Amino acid sequence: METRRGFLTALVVAIPARCSAEPADWMEVDASWYCPCDVCCGVWSRDGLRLLEPALGITATGKPPVEGRTVAVDPDVIPLGSLVEIEGIGVRRAEDTGGAIRGKSVDIYVVDHAAARKFGRRTVRMRLIRRGR
C-alpha cells in the first residue's frame, strides 16, 4: 500500500474461499443433452412454463437457457454458477438442475429436440474451472 498526493493506493486480490485458483482435475461424467420441449423438460418446458407463470425463469438460476452456455448439474457436485469445461464440447456455465441429474452427471442444453436426440447419452470428461457462489 502506498500514498501519493493524498490518495491511498492498494492492490487488493480477493479470492473467495470457495474459488479454486487452478482448474480441478478431469472427471468422467454421464452426459446427456436436453432442449426446452415437453419431452425433455415436461412441465418445466418452454410451453409449460408459459402456462404456469409467464414471468418464471426457465433454469434453476432464473436465467433463460442458452445453447453453448447452459448445462444442468447436481449442485452437490458442481455448484450453480460454476464454469465447467467439457472435453470436446467447450466451456459451459452450471445454470440448471434436473430431476434425473444426480452425482457426476451433466445435461447439456441445445435448442432443438433433434439435436438432443442425436447426441444421446455418453460418458465425457469434465472439470471445474471456476466454482460458483
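The accessible surface of the protein comes to about 8,600 Å², and 53% of that area belongs to carbon and sulfur atoms. Accessible areas come from the Shrake-Rupley method with a 1.4 Å probe, and for residues only the protein chains shown count as cover. This is a predicted model, in which local features need pLDDT of at least 70 and side-chain atom pairs count only at pLDDT 80 or more, while totals for chains, interfaces and linings use all residues. Residues are numbered from 1 along each chain as its sequence is written, and side-chain values use heavy atoms, with hydrogens and water left out.

The protein has three helices and eight strands, in the sequence order β-β-β-α-α-β-β-β-β-α-β. Helices (H or I, at least four residues) and strands (E, at least two) are DSSP runs, numbered from the N terminus.

Of the 133 residues, 32% are buried. Buried means under 20% relative accessible area, exposed over 50%, and partly exposed in between (1.4 Å probe, protein chains only).

The largest nonpolar core has 19 residues, among them V71, I86 and M126. Such a core is a set of buried Ala, Val, Leu, Ile, Met, Phe, Trp, Tyr and Cys residues joined through side-chain atoms within 4.5 Å.

Leaving aside neighbours within four places in sequence, I86 is in contact (heavy atoms within 4.5 Å) with V71, R92, V106, I108, V124, R125 and M126.

R130 lies in strand β8 and is partly exposed, at 39% relative accessible area.
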